Amino acid sequence: MSRTEDAPSAAESISGTPLPSGWAAPAHQPGAFELPHTTFGERAQRTMARPFARQAIAGATDHALELTLERFADVDHEALRDQGRQIRAHAIANLPDYLEQWIGHAEANGTIVHFAADEGEARRIVAGICADEGIARVVKSKSMASEEVSLNSALEGAGIDVVETDLGEFVVQAMGDRPGHVIAPILHRTKDEVHALFSEMAGHDLPNEAEALTAFARAGLRHAFLTADGGITGGNFLVAETGEVLLVTNEGNGRLTSSAPRVHIALVGIEKVIPRRADLAVLLPLLTGHGTGQQITTYVTLTGGPRRADEPDGPEQTHVVLLDAGRSALLGGEFEEALHCIRCGACQNVCPVYRQVGGHAYGWVYGGPIGAVLTPLFRGQAEGGEVAQATTLCGACDDICPVRIPLHDLLRGLRRQRDEEGQTPRGERIAFALWGALWSRPRLYRASTAASRSLLGVLAQADGTVSTRLPGLRRWTSTRDLPLRRLGR
Ligand code: SF4
């Protein structure tokens, strides 16, 4: 059914075109990135000030981690991680060859392949396809690459109606929010918030139950699927030997998005290429097990081009936009391993910083350890370098990563690079230079530790702790006590 055949209702959709009666979305604008206008501290404070958000993040990440550990309890997890690492390292080391192979097979299948060197080009290509094909409404399944290029704003600016179809992404869109986690976009939201939003959209109070809320969203999303001319997806992997794009979802929206509308457009990072279908036997369990704790997601879709003459359904046209946007610059360099990432989100679940501050504190698309790595790499040190400081370097992310990316080595490298580029604040540079000078000389080291013991004695409080109001360190010490007894006094 085309959109013109569908009788418009009075209700307005997220960007203004008709959706079913009783499904009026609030007029929120798409959420904007905060880099570089705010600091990590300011963004983190906002989440910390919402105790419900912190509880929701802690509860959801704990649960995800438990499921992951259970999932791999009976298998040789370490051997599987070794294989995963080997496949990703091999694919990235030979990326140009595998991409060429993928393009050859994809084009032979009838897929139209585009290359976007940067975010602007990606937006122009997708908007151009929509204009050429007369697409007025697109449905979208979850795609972090589309978040990277702010695709929704660009399409809506061009007058195209965009409807996110992953339930979490749909809530994010309707709230004018940003995803807070790679796998679980509304991890930072509570059911009550979703209930309030959907009741506002419905124009009456809905039952505050998961089934009722999902049924409400489903009714509108079905209509959107049937009235959209275009479907936009990301891609979890590109299989070089077949020219296919792999999509995993639990809601089936990826499969519908890529097959129901007459034009399918996939926006996929170039690093997602893998050599063979057989590699999925290793990478899929690693992705789903670390993402959601599942053996496999409910839907696994391999799309291989437009509908063939003997097929009853599928898109008339398939486009794949290969996104570079900073990726190829990492090849062969110190940070190449960041390209091994399969976006499972497990490092976010274990990160003690992410678990307190959530994804928005990182200011751009990705949060947690992988966000602290990718943000400076893709946005540059001047804009994104600060987030690489937001880690404890505890190594928990290295221990969980299914493809063994040495995240904390990358983070240390990025911190060093930031310093070399002169982006470290002056006060921090002076403090560390002084500290280095003192502690690299035994006599000065001993003198400085003796002096700090005396200072702690001066700052001692009656309850046996040290005053937390140390001048120049007020923000750090205002939430911490140093017990004197443990310091041996
Ligand atoms: S860095 Fe590793 S753990 Fe983190 S999202 Fe990527 S693959 Fe998953």
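**Reading helix packing and cores in a predicted model**

Biologist: What angle and what axis distance describe the packing of H8 and H9?

Modeller: Two packed helices are described by the angle between their axes and by the distance between those axes. Here helix H8 (residues 167-175) packs against helix H9 (residues 191-202) at an angle of about 65°, with the axes 11 Å apart. Angles of 65 to 115 degrees count as roughly perpendicular, and H8 and H9 are therefore roughly perpendicular to each other.

Biologist: Which residues of H8 and H9 meet?

Modeller: From H8 come Leu167, Phe170, Val171, Ala174 and Met175, and from H9 they are met by Glu193, Val194, Leu197, Phe198 and Met201. By class, the residues of this contact divide into nine nonpolar, no polar and one charged.

Biologist: At what angle do helix H15 and helix H18 cross?

Modeller: The axes of helix H15 (residues 368-379) and helix H18 (residues 407-420) cross at roughly 40° and come within 10 Å, and this crossing is left-handed. Pro369, Ile370, Ala372, Val373, Pro376 and Leu377 in H15 meet Leu407, Leu410, Leu411 and Leu414 in H18, a contact whose residues divide into 10 nonpolar, no polar and no charged.

Biologist: Which residues have the most contacts inside the largest nonpolar core?

Modeller: That core has 75 residues, and those with the most contacts inside it are Phe40, Trp102 and Tyr362. If we leave aside neighbours within four places in sequence, Phe40 is in contact with Val353, Val357, Ala361, Tyr362, Glu386, Val387 and Ala390.

Biologist: Is Glu386 buried or exposed, or does it fall in between?

Modeller: Buried means under 20% relative accessible area and exposed means over 50%, so Glu386, at 30% relative accessibility, counts as partly exposed. Glu386 is found in the loop between helix H16 (381-384) and helix H17 (396-400), and beyond its neighbours within four places in sequence it is in contact with Thr39, Phe40, Gly41, Arg43 and Arg418. Glu386 and Pro36 are 350 residues apart in sequence, yet their C-alpha atoms are 9.8 Å apart in space.

Biologist: How many helices and strands are there in the protein chain?

Modeller: The protein chain has 21 helices and 10 strands, and buried residues make up 51% of its 489 residues. Among its contacts with a separation of 6 or more, 72% are accounted for by residues 24 or more positions apart.

Notes
Residues are numbered from 1 along each chain as its sequence is written. This is a predicted model: local features need pLDDT of at least 70, side-chain atom pairs count only at pLDDT 80 or more; totals for chains, interfaces and linings use all residues. Side-chain values use heavy atoms; hydrogens and water are left out. Axes are lines fitted to C-alpha atoms, for helices over the stretch in contact, and angles run from 0 to 180 degrees between N-to-C directions. Helices (H or I, at least four residues) and strands (E, at least two) are DSSP runs, numbered from the N terminus. Angles under 35 degrees count as roughly parallel, over 145 as roughly antiparallel, 65 to 115 as roughly perpendicular and the rest as oblique. Contact means heavy atoms within 4.5 Å. Ala, Val, Leu, Ile, Met, Phe, Trp, Tyr, Cys and Pro count as nonpolar, Asp, Glu, Lys and Arg as charged, and the others, Gly among them, as polar. A nonpolar core is a set of buried Ala, Val, Leu, Ile, Met, Phe, Trp, Tyr and Cys residues joined through side-chain atoms within 4.5 Å. Buried means under 20% relative accessible area, exposed over 50%, partly exposed in between (1.4 Å probe, protein chains only). A crossing is left-handed if the near helix is turned anticlockwise from the far one by less than a right angle, and right-handed if clockwise.
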